[in-house]
Amino acid sequence: MKYFNYAAGPSALFPEVVDQIKQELCNWQNTHSSVFEVSHRGAEFMAFAQNMEKTFRELLGIPEDYAVLFLQGGGRGAFDAVPLNLPLKHKRALYLTSGHWSRQPALEAKKYLEVKIAELVDQNFKPTKLDWTEETKDCDYVHFTANETIEGIENFTPPKVSPGVMVVADMSSDILSRPINVSDYDVIYAGAQKNIGCSGVTIYIVKKSLLGNAAPYCPTILNWDVYYKSDSLFNTPATFSWYTCGLTFNHLKEKFGNLSNLEKLNIRKAEKLYNYIDSEDFYTNKVDPSIRSRMNVSFTTPSEELDAKFVQEAKEAGLSGLKGHKVFGGLRASTYNALPEEAVDALIDFMKSFATKYR
Ligand code: PMP
């Protein structure tokens with residue numbers, strides 16, 4: 001039997017990456033130690049880290065005037081780090097909400113500044129608008145969540161804002177899934193544990209001109225400038241997590257060359273699954289097609305009981321991680337970069353037989 005893992009994060013790594021970890025586990029780069037037993041300041045690890053950043057920059061096309069930082073604290077740490085690090089003239093920000101993970105940073109930011117909230121996606125899972133020029137006139141920055149991991153909503157385009165207003169994006173669950181124009185953003189952040197490597201590292205892409213503005217009460221552990229000046233080695237990093245990220249970046253470069261090729265595959269995978277869901281009355285996905293996530297496909301069967309049966313029977317058939325998040329319910333298939341197309345085919349086959357059995 002073949003096993004596939006559709007978990008939302010931590011989630012599946014590329015099998016090639018897992019194989020390399022296995023091979024190198026007891027003797028990494030001739031150190032006769034595993035990678036998590038060597039010093040983060042040793043020559044081997046420092047060289048690995050430099051290469052990791054270089055490859056990440058190449059993949060996303062990150063311009064020189066942006067810093068790439070590797071911190072801890074996850075996405076939730078970033079909810080604080082953003083208002084604590086950005087220069088705030090008005091002490092006001094607009095948080096665009098489209099689901100659970102865009103509402104959380106707004107709650108956190110209220111501790112530091114005035115937060116205005118507006119819906120980017122309405123209650124019928126339809127996009128509202130892209131032009132937020134008027135609403136951002138008196139704001140320092142706008143925050144939005146590029147991919148709502150729980151509901152399965154992807155906001156592909158950054159919002160249009162009043163001149164001088166900074167654009168901050170949480171890309172925790174869709175970073176590296178498609179090319180982006182980094183210059184459209186001032187800050188991008190993403191936890192590694194969904195589309196990159198294993199949990200423990202949070203990547204920030206920050207316009208360099210914004211560094212050095214942290215509030216005096218910003219904990220040093222979240223201070224971007226401190227991390228920039230120390231090559232992200234201010235404190236002991238999550239070395240194993242960095243290692244999995246580095247291996248994944250190398251693998252993406254070798255296997256796909258660039259993110260446009262990878263995006264084509266991601267579009268194909270998502271379209272297959274949504275087309276099947278739309279063709280079958282038994283399953284429902286309520287998200288407007290223009291903002292359906294390519295990374296997290298949410299759906300339901302006709303009842304909660306059947307949803308629970310689906311999760312159980314799918315697991316027995318080798319397909320795991322399909323239970324929806326507790327705040328949203330239903331089912332969810334995460335189709336991140338590392339999930340092969342054959343896993344989407346296997347899921348559709350299973351969905352077909354489940355629908356026939358319980359219709
Ligand atoms: N943002 C998004 C879009 C997420 O999906 C998550 C986690 N599921 C978070 C933030 C929070 O990340 P963490 O658990 O790393 O704090």
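**Helix packing and domains**

Colleague: At roughly what angle do the axes of helix H2 (residues 43-60) and H6 cross?

Modeller: This is a predicted model, where local features need pLDDT of at least 70 and side-chain atom pairs count only at pLDDT 80 or more, while totals for chains, interfaces and linings use all residues. Residues are numbered from 1 along each chain as its sequence is written. The axes (lines fitted to C-alpha atoms, for helices over the stretch in contact, with angles from 0 to 180 degrees between N-to-C directions) of H2 and H6 come within 9 Å and cross at roughly 45°.

Colleague: What does that make H2 to H6?

Modeller: The two helices (DSSP runs of H or I, at least four residues, numbered from the N terminus; strands are E runs of at least two) cross at roughly 45°. Angles under 35 degrees count as roughly parallel, over 145 as roughly antiparallel, 65 to 115 as roughly perpendicular and the rest as oblique. That makes H2, relative to H6, oblique.

Colleague: How many nonpolar residues are in the contact of H2 with H6?

Modeller: H2 contributes Phe45, Phe48, Met52 and Phe56, among others, and H6 contributes residues including Trp242, Phe249 and Leu252. Contact here means C-beta atoms, placed from the backbone, within 7 Å. By class (Ala, Val, Leu, Ile, Met, Phe, Trp, Tyr, Cys and Pro are nonpolar, Asp, Glu, Lys and Arg charged, the others, Gly among them, polar), there are 2 charged residues, 5 polar and, for nonpolar, 10.

Colleague: H1 also meets H6, I see; which residues in H6 do Glu16, Val17, Gln20 and Ile21 meet?

Modeller: The axes of H1 (residues 15-24) and H6 come within 10 Å and cross at roughly 130°. The pair is therefore oblique. On the H6 side, the four H1 residues meet Thr244, Leu247, Thr248 and His251.

Colleague: Which residues of H4 make the contact with H3?

Modeller: H3 (residues 74-85) and H4 (residues 100-109) pack at about 50° with their axes 9 Å apart. That angle makes H3 oblique to H4. H3 brings Phe79, Asp80 and Pro83, and H4 brings Gln104, Pro105, Glu108 and Ala109.

Colleague: Now the domains: how far apart are the C-alpha centres of domain 1 and domain 2?

Modeller: The domain assignment (automatic or from a database) gives domain 1 as 16-256 and domain 2 as 258-358. Their C-alpha centres are separated by 26 Å.

Colleague: Which helix gives two or more residues to the side of domain 1 that touches domain 2?

Modeller: Across the boundary, 25 residues of domain 1 are in contact with 25 residues of domain 2. The elements giving two or more residues on the domain 1 side are strand E6 (147-148), strand E7 (153-154) and helix H6 (239-256).

Colleague: Which strand holds the place of Asp170?

Modeller: Asp170 is among the residues in that UniProt listing. Its place in the model is in the strand of residues 166-170, E8.

Conventions
Two residues are in contact if their C-beta atoms, placed from the backbone, lie within 7 Å. UniProt positions are given in the numbering used here, feature names are shortened, and annotations may be inferred rather than shown by experiment.
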